Amino acid sequence: MRIILIGPPGAGKGTQCQRLIELLKVPHLSTGEMLRAEVRDRTPAGLEAATYMDQGQLVPDQLIVGMVNRRLQASDCRGGCLLDGFPRTLPQAEILDDLLERRAMCVDGVIELAVPRDELVRRMLARKREDDDPEIFANRIASFEVQTAPLLDYYSRQGKLASIDGLGTADEIFERVQTAVKRFARAARGL
Ligand code: AP5
Ligand code: MG
């Protein structure tokens, strides 16, 4: 299965993906992690991406799409994957649909983790990633609201969206995530 996790910064996408990979035995594709690796290795893509990430802005679509496309072609993604933080704009979502369709594949389901802003800020303050700075974090939230939130409607219209309350313990949220995944699996079997 190909499942997307969407949510604002700090919503718990990475945390829930760590649990889901155990259950589904598919690779976890986090575009944020991929970009941070490029930045660490000081590749041309990483150096370009850093100028956006340092400000809490999305990196340009073309930079991300090439990276994801290469990763999706790897043999370990044949049986499915978890997409964490991708797509994040409507053009990215349309390109993903196109890339998958060309391989006779599709997105099976999309999980939205909904978390109120005050809780996101609490989580960000408790963590110390480089972009967990109050000013950058405010930009990351704004990027989500303006550029990524419209995807919820895009996937809802396709009947693929499961919106989940992202408040509670990680285990409680994982129970909700598993319920959504079972629904996606039934839909994929045409039930
Ligand atoms: P990315 O790395 O994807 O960051 P993000 O979306 O801002 O989200 P985070 O990774 O901060 O949060 P998360 O939802 O994974 O939560 P987590 O599980 O870590 O992207 C970084 C940057 O890369 C972007 O700003 C952009 O510049 C660029 N980028 C990436 N993808 C892109 C794309 N497709 N297009 C363009 N640009 C792109 O949890 C957060 C914290 O909360 C942790 O400390 C965790 O332990 C804690 N926590 C988790 N669950 C709970 C819980 N239930 N209760 C309490 N604490 C919890
Ligand atoms: Mg993450």
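User: How do the residues of the shell around ligand 1 divide into nonpolar, polar and charged?

Analyst: This is a predicted model. In it, 30 residues surround ligand 1, and T15, Q57, R88, R127 and R140 are the closest. By class, the shell divides into eleven nonpolar, eleven polar and eight charged residues.

User: Which helix gives the most residues to the shell around ligand 1?

Analyst: Ligand 1 sits in the largest pocket. The one that gives the most, with four residues, is helix 2.

User: How much of ligand 1 does the protein bury?

Analyst: Some polar atoms of the protein lie close enough to an oxygen atom of ligand 1 to fall within 3.5 Å. Among them, a polar side-chain atom of T15 is 2.5 Å from such an oxygen, and one of R127 is 2.8 Å from such an oxygen. A polar backbone atom of G14 is 3.0 Å from an oxygen atom of ligand 1. Taken alone, ligand 1 exposes 1,000 Å², and the share of this that the protein buries is 85%.

User: How many salt bridges does the count come to?

Analyst: The pair of D171 and R19 is a salt bridge. A pair counts when a side-chain nitrogen of Lys or Arg is within 4 Å of a carboxyl oxygen of Asp or Glu. By this rule, the number of salt bridges is eleven.

User: Which residues does a cis peptide bond join?

Analyst: The loop between strand 3 (81-84) and helix 5 (90-102) contains P87. Omega is about -5° for the cis peptide bond, which joins F86 and P87.

User: What is phi of K25 near?

Analyst: K25 is placed in the loop between helix 1 and strand 2 (28-30). Phi is positive here in a residue other than glycine, with a value near 55°.

Conventions
Residues are numbered from 1 along each chain as its sequence is written. Chains are lettered from A and ligands numbered from 1 in the order in which they are written. This is a predicted model: local features need pLDDT of at least 70, side-chain atom pairs count only at pLDDT 80 or more; totals for chains, interfaces and linings use all residues. Side-chain values use heavy atoms; hydrogens and water are left out. A residue is near a molecule or strand if one of its heavy atoms lies within 4 Å of it. A polar contact is a pair of N or O atoms within 3.5 Å; within protein, one must be able to donate a hydrogen and the other to accept it, and residues adjacent in sequence count only if both atoms are side-chain atoms. Accessible areas come from the Shrake-Rupley method with a 1.4 Å probe; for residues, only the protein chains shown count as cover. On a 1 Å grid over the protein atoms alone, a cavity is a set of points where a 1.4 Å probe fits but cannot get out, and a pocket is an open set with protein on both sides within 12 Å along at least five of seven lines; lining residues have an atom within 4 Å of a point. A molecule sits in a cavity or pocket if more than half of its atoms lie within 2 Å of its grid points. Helices (H or I, at least four residues) and strands (E, at least two) are DSSP runs, numbered from the N terminus. Ala, Val, Leu, Ile, Met, Phe, Trp, Tyr, Cys and Pro count as nonpolar, Asp, Glu, Lys and Arg as charged, and the others, Gly among them, as polar.
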